Amino acid sequence: MNRTWRGCVFIGTSLDGYIAKPDGDLSWLTAPEPREHAADEGDHPALVWETFFPTVDTLVMGRTTYDTVSGFEEWPFEGKTVIVLSTTLDASGRAQVVRSVDEASDLLARVGAERVYVDGGRTIQSFLSAGLVDEITVSIAPVLLGRGSRLFGDLDHDVLLTLRGHHATAGDGLVRATYDVARR
Ligand SMILES: NC(=O)c1ccc[n+]([C@@H]2O[C@H](COP(=O)([O-])OP(=O)(O)OC[C@H]3O[C@@H](n4cnc5c(N)ncnc54)[C@H](OP(=O)(O)O)[C@@H]3O)[C@@H](O)[C@H]2O)c1
């Protein structure tokens, strides 16, 4: 069956490839110590939250990311369909729970998803392995964490990317890049 939706990753990572510290701490990304960073606006800027988030209709996230987001004061995904990948979560008021990538894929087709925000390290790795990621935006934070939850994992094939945009921001020192993933 031809896939009708596009899988999109939008994620912050340390330079050494971690998306959270072992205890889940994200302050290195959300509230970094102020430093003087070089900025580069770029002729073809990467996507940022304001240009990315409104374009997605559906989210698929791993249970760990769902646990983190559920702890936020405000639910940030109002108006979007949210699917959680988990073998342990029974049901959730805010999200539909699926047990596998295949189940997620079936549900995405059934709900008529078009642009899907794929979030959470292990979930991104599972979707990449299954060839279900079409676009990746990474915001690389100026820090080495040395340990934590990894963004990427092993792959049994190369994944070719085309650079679509990039820029760096002075306030937070994030180097941002948006890539298209070549479909296999
Ligand atoms: N830096 C950022 O921008 C950013 C963005 C998102 C998240 N985060 C952080 O990253 C951490 C979460 O990352 P994570 O690597 O733990 O990944 P995750 O994908 O959020 O959650 C992993 C869990 O999702 C389920 N899962 C994932 N793939 C599955 C598959 N193929 N089949 C069935 N279930 C699957 C499993 O849940 P069960 O154990 O229930 O089976 C697994 O334990 C959190 O601390 C989160 O706050 C950071």
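Me: UniProt positions follow the numbering used here, with shortened feature names and annotations that may be inferred rather than shown by experiment. So which residues does the domain annotation cover?

Reply: Heads-up: this is a predicted model, where local features need pLDDT of at least 70, side-chain atom pairs count only at pLDDT 80 or more, and totals for chains, interfaces and linings use all residues. Numbering runs from 1 along each chain as its sequence is written, and side-chain values use heavy atoms, leaving out hydrogens and water. The unreviewed UniProt entry puts "domain: Bacterial bifunctional deaminase-reductase C-terminal" on residues 10-170.

Me: How many charged residues are in the shell around the ligand?

Reply: 25 residues surround the ligand (a heavy atom within 4 Å), with Thr-65 and Ser-86 among the closest. The shell has 7 nonpolar residues and 14 polar ones, and the charged ones number 4.

Me: What percentage of the ligand's accessible area does the protein cover?

Reply: Start with the polar contacts (N or O pairs within 3.5 Å): a ligand nitrogen lies 2.9 Å from a backbone N or O atom of Ile-19. Ligand oxygens are 2.8 Å from a side-chain N or O atom of Arg-63 and 2.7 Å from one of Thr-123. Of the ligand's own 930 Å² of accessible area (Shrake-Rupley, 1.4 Å probe), the protein covers 86%.

Conventions: Polar contact = N/O pair within 3.5 Å; in protein donor to acceptor, adjacent residues only side chain to side chain. Nonpolar A, V, L, I, M, F, W, Y, C, P; charged D, E, K, R; others polar.
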